[in-house]
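Reader: I am new to looking at protein models. Could you take me through this one, feature by feature?

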Amino acid sequence: MADGGSEVENLPKTSDSKTEKESHESSTKLEESEDTLEVISTDSNSRRRIASESSLNEDASYAELQDTCRETFKKIAEYLNGELTASLDDYALLEKLNKLTTSKYQEMSTMAKTLITTMEELDGKYKSLQPYLDQIDRVEESVASLEQAAYRLDAYSKKLESRFKRLEKR
């Protein structure tokens, strides 16, 4: 107001009625300005209060959002940890199965090598016995031929005996 009053004093003084009129207009304008300032001030206070409440609500919402995000990330981390643990367990099981399979194949390989060695030994023994087996086959053929000869000789001797008996009877 002090500024508004000094403006009125600085106005040129042409006539009293004009001055009074201008003074009145000035004071009216000044009062309107003060009312506007009060409204603006009140409006500004309201805005600050609303902004403050909004800020509190935003702070509360922000804090709640942070808590929710932390919990969500914690749950996601637990889930991923569980998935990774399950995968690790699967890989550990596969590793055990591979080791068991490897040991079984090594046993089978050892057994196959032993069988191959044994078969080679048996084959060697068979080859070393082959001349004797051939000889046995020849002896068997000879025995069979001798048996046939013995049957024929027996048959012939029976014929001779029967002839001799017939001749003797006569």
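**Salt bridges and surface**

Author: We can begin with charged pairs. The count comes to 5 salt bridges, a salt bridge being a side-chain nitrogen of Lys or Arg within 4 Å of a carboxyl oxygen of Asp or Glu. This is a predicted model, in which local features need pLDDT of at least 70, side-chain atom pairs count only at pLDDT 80 or more, and totals for chains, interfaces and linings use all residues. Residues are numbered from 1 along each chain as its sequence is written, and side-chain values use heavy atoms, with hydrogens and water left out.

Reader: What is pLDDT, and what does the chain average?

Author: pLDDT is the predictor's confidence in each residue, from 0 to 100. The chain averages 81, and 65% of the residues score at least 70.

Reader: Where does pLDDT stay under 50?

Author: Where pLDDT is low, the predicted coordinates should not be read in detail. Here pLDDT stays under 50 over residues 1–15. For residues 1–15 the model has 8 contacts beyond four places in sequence, where contact means heavy atoms within 4.5 Å.

Reader: How many helices and strands does the chain have?

Author: Helices (H or I, at least four residues) and strands (E, at least two) are DSSP runs, numbered from the N terminus. This chain has 2 helices and 0 strands. Helix α2 takes in residues 16–169.

Reader: Which residue pairs with R70 in a salt bridge?

Author: Side chains of opposite charge can pair when their charged atoms come close. R70 meets D67, at 3.5 Å from N to O. Both lie in helix α2, 3 residues apart, about one turn of the helix.

Reader: Are R70 and D67 exposed or partly exposed?

Author: Buried means under 20% relative accessible area, exposed over 50%, and partly exposed in between (1.4 Å probe, protein chains only). R70 is exposed at 52%, while D67 is partly exposed at 47%.

Reader: Which residue forms a salt bridge with D154?

Author: K158 does, with the closest N and O atoms 3.7 Å apart. D154 and K158 are 4 residues apart in helix α2, so about one helical turn separates them. D154 is partly exposed at 36%, and K158 is exposed at 52%.

Reader: How much of the chain is buried?

Author: Buried residues make up 1% of the 170 residues. The accessible surface of the chain comes to about 15,800 Å², of which 57% belongs to carbon and sulfur atoms. Such areas come from the Shrake-Rupley method with a 1.4 Å probe; for residues, only the protein chains shown count as cover.

Reader: Which residues make the nonpolar surface patch?

Author: Patches are made of residues with over 30% relative accessible area and no salt bridge: like charges are joined within 9 Å, nonpolar side chains (Val, Leu, Ile, Met, Phe, Trp, Tyr) within 5 Å. Y91, L93, L94, L97 and L100 make a nonpolar patch of about 540 Å². L94 lies in helix α2 and is partly exposed, at 45%.
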